[in-house]
Amino acid sequence: MARQNLNPDQNQNQNQNQNQNQNQRQNQTQKGNLNPNVNSNCIDEFNLKETRPSLGGGRVPGNERFGTAFDLVEQMHYLYVKVVKARNLPPKRGNSIDPFVEIKLGSFIACTKHFEKNPNPEWNQVFAFPKDQIQSLTLELVVKHKDDTNEDNVIGGVSFDVNELPVRVPPDSPLAAQWYRLENRNDGELMVAVWMGTQADESFPDSWHLDALLVDGDGVMNIRSKVYLSPRLWYVRVHVIEAQELQVNNNRQPEVLVKGAVMNMVLRTKVLPRPSWNEDLMFVVAEPFDEQLVLSVEEKLGNKEEVIGKCFIPLQNVDKRMDNSIITSRWYNLEKHTPGENGDVDVAVLNSKIHIRVCLDGGYHVLDELTQYSSDFRPTHKLLRSPSIGILELGILNANGLTPMKSRNGRGAVDAYCVAKYGHKWIRTRTVIDSLNPKWNEQYTWEVFDPCTVITIVVFDNNHLQGVDNGGGVRDSRIGKVRIRLSTLETDRVYTHSYPLIVLHPSGVMKMGEIQLAVRFTCVSLVNLLQMYSQPLLPNMHYIHPLSIFQQDCLRHHATQIVSMRLNRAEPPLRKEVVEYMLDVGSTMWSLRKSKANYSRLIEVLSGLVFYCKWFNKVCNWTNPFLTVLVHVSFVFLVFNPQMIMILMLVYFIATGISRYRSRPRQPPHMDIKLSHGDQVNGDELDEEFDTFPSSRRGDMLKLRYDRLRSVGSRIQTVIGDVATQGERIQNLVTWRDPRATAMFLWFCSILAIVLYVVPVKVVVVVVGGFVLRHPSLRNRVPSVPMNFFRRLPARTDGLL
């Protein structure tokens, strides 16, 4: 049990501050909800901001040369009280005692749990009080007897002078607890340890904070910082070869298939008239292998499928392989399962057998993230993994101006915590209760095996302060996401920035606040780091025996389900909505906004080519005669000195790179609303993006979306058809689809071959180049002969309905 008492003045000041923060957040929310008429000042609010926090938490005061691993966060000082146990407590009424300890520090009161009828209780509880909130110089520990009457239940107490408490700085060993005799008592002792420390103390994660005093029951477990590990995922490859002696319907030609199932993932082979499939089925499983592989041979009877027999294969007995080596195939007997009496199942072993080859493929990396956002590319099998190339350190400092996510006592409130994922390691910070400007100052470390990976940090609002929600109706609300690609970071540099927390809501793009992070990527060996750029992105098995796009999507969906289920079973659980948002589940669904954003990205990539085409057109039209003459001279020079072409191209790249060095990006990447077209999206497009699949809308809304999708699809259809037409015309140059055109093309090729054999190549190139760069007075706006000939070639459009 625990409680917190505040004086009336403090309550009034706190309410005023919270009301001011709420009004500020409402104003920021109105600014953050973007529309097409958004101004540039509002856009600036969504940009990254460099900060200069006072890093170095955990350093010894007065000695800056000595530090701890907590050097990417700000120092937070705490008064720690560790109540270990008591002995020989005198009994109260009825010769029994139900002891607990009450800790008083000014207006703050915290209590340990109580024991019934135990004069020698053991608590082993640690309490942490922020130093900047201490209102008294005296710390009192009072041992009391739990009694519902109003009589005096004090057994005795111990007091400490706050100014005289020792200071502990890790990596010093923990402070030893001591026995203290209770004041005004001849018997009864209390073992405690009291010291001043920082968040670097190992007692910090499990200690009771002032936030925890406001949470009752099992909700305390949901506010503490924790580290989680993703389950180790494997691919199961089942090569279904054939079956024999199947008991099928002999009155007609049988149609047989095989279904494979692991947990809720079911795959099936093709339906064949002969039981010879030679087909692979791929599943995802996680260690420890508690599941079974179930293979079912079934006969297709019209619209129904009748089970012929089943076999069950424990995954613990399946062989593991690291490469594409051949696994010995085996024959398995099929069993017939029929319902028996009293709800039992009768099992009969059949003469039918199935021939399969099954193995655990450890040469793959089981993708549970999108490839472009992946934080790990290592293969599953440990013997194939390379050593680490560096260390990633993340300091989660604080958040500012968070948007209220719920109402509490008539005002907006947020109970914020952060989740970060890199590789198989997930971290969760403690939940800061009821604060729009929470401070975490927690630091975490990961091993880095590939620089081209991404760390993901997300801020959530905790809605499980009252314990575990067994019904599943309450979900933690997302506040914002940050992604940082390690390859964009300089090694051994500390990046301290304030990242905007941007979320797309059905009402538009909103800035939910800012989070301040400190990031450092330390390289162990520069040679190993540079060597990684020459290695394949994925393990070799992805290229030796690649998976289809359909297999990758299906297996990734199942992998995310397994990870979500396993982490949801942890204590405290990392819930499904958190894991799915971190792993970008559903991000590949259709969105008109994303389609526009990707189209703009493509246009921007091609803008360089378009620029050079326009520049060359100006040269050909003699817009700048001096430039055109210079191009003519350079062209002739390169024709007679072809070895200089590649050299000049390399010199151009070198000069371009050097010229852009000073303007290189100095900040890590972040969520860009302009790149995402979040500042131009309208309400109908947002409603479509947030709609469920299948759609939950009806009537005119679906008709409008369908018509719009048909319009977009028609444009895509036209572009694809035009590209296919040009390709077919090139093919039809030699296919005799148009006999006269093919004959003319072959005669032209024969004449051109003779000319190229007789005339020097340099002369031919000069003539062709001079013709292309000829003066506008020698040009004709009518299309050229080759273009006319090409456009008259036939395509297969004539055969389309």
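Predicted model: local features only at pLDDT ≥ 70, side-chain atom pairs only at ≥ 80, totals over all residues.
Figure 1. Across the protein chain the mean pLDDT is 84, with 90% of residues reaching 70 or more. Two stretches deserve a careful eye. Residues 1-40 stay under 50 in pLDDT, and the model has 68 contacts for them beyond four places in sequence. Residues 57-68 also stay under 50, with 24 such contacts in the model.

**Figure 2. The chain as a whole, with its helices and strands.** Here we step back for a moment before moving in again. The protein chain has 14 helices and 29 strands. Of its 801 residues, 42% count as buried. Taking contacts between residues at least 6 apart in sequence, 70% join residues at least 24 apart.

**Figure 3. The largest nonpolar core, seen around L293.** In soluble globular proteins, nonpolar side chains tend to be buried together. The largest nonpolar core in this model has 56 residues, and V238, F283, L293, I354 and W426 are those with the most contacts inside it. Which residues does L293 contact, leaving aside its neighbours within four places in sequence? They are V238, A261, V262, F283, C311, F312, I313, L315 and V358. A second, separate core of 40 residues includes I396, V482, L501 and L517.

**Figure 4. Two cysteines, C311 and C452.** C311, one of the contacts of L293, counts as buried because its relative accessibility is 2%. C452 has a relative accessibility of 24%, so this cysteine counts as partly exposed. A disulfide is a covalent bond between the sulfur atoms of two cysteines. By the distance rule used here, the model has 0 disulfides.

Figure 5. The strands follow the order 5-2-9-8, and their pairing is antiparallel. Strand 5 (122-130) and strand 8 (178-181) are the edge strands, each pairing on one side only. From one strand to the next, the twist averages 30°. At one end of the order, 4 bridges join strand 8 to strand 9 (residues 189-198). Look there for Y180, which stands opposite L190 in strand 9.

**Figure 6. Strand 12 and its two antiparallel partners.** Strand 12 (residues 256-262) is largely enclosed by the rest of the structure because 5 of its 7 residues are buried. Strand 12 pairs with strand 15 (residues 292-301) over 6 bridges, in the antiparallel sense. In this pairing V256 stands opposite E299. Strand 12 also pairs with strand 13 (residues 265-268), again antiparallel, over 4 bridges. The bridge partner of G260 in strand 13 is L267. The hairpin of strand 12 and strand 13 has 2 residues between the strands, and M263 takes a positive phi near 55° in it.

Figure 7. H497 is found in strand 28 (residues 494-505). Is H497 buried or exposed? With a relative accessible area of 1%, H497 is buried. Not counting residues up to four places away in sequence, H497 touches L48, K49, E50, T51, I515, Q516, L517, Q667 and P668. K49 belongs to strand 1 (residues 49-50) and, at 33% relative accessibility, counts as partly exposed. Beyond four places in sequence, K49 is in contact with T496, H497, S498, K511 and E514. The C-alpha atoms of K49 and Y499 are separated by 6.8 Å, although the two residues are 450 apart along the chain.

Figure 8. Most residues other than glycine have a negative phi, and most peptide bonds are trans. The peptide bond from E287 to P288 is cis, with omega near -10°, and P288 is found in the loop between strand 14 (276-286) and strand 15. Another cis peptide bond joins E571 and P572, with omega about 0°; P572 lies in the loop between helix 5 (549-568) and helix 6 (576-582). D434 is not a glycine, yet has a positive phi of about 55°. This residue sits in the loop between strand 24 (425-428) and strand 25 (439-448), and D434 is buried at 19% relative accessible area. W736 is also not a glycine and has a positive phi of about 60°. W736 lies in the loop between helix 11 (700-731) and helix 12 (739-758), and is partly exposed at 47% relative accessible area.

Definitions and conventions: Residues numbered from 1 in each chain as written. Heavy atoms only, no water. Core = buried A, V, L, I, M, F, W, Y, C linked by side-chain atoms within 4.5 Å. Buried < 20%, exposed > 50% of the residue type's maximum accessible area, 1.4 Å probe, protein only. Contact = heavy atoms within 4.5 Å. pLDDT = per-residue confidence, 0-100. Disulfide = S-S within 2.5 Å. Pairing = 2+ DSSP bridges. Axes fitted to C-alpha atoms, helices over the stretch in contact; angles between N-to-C directions.
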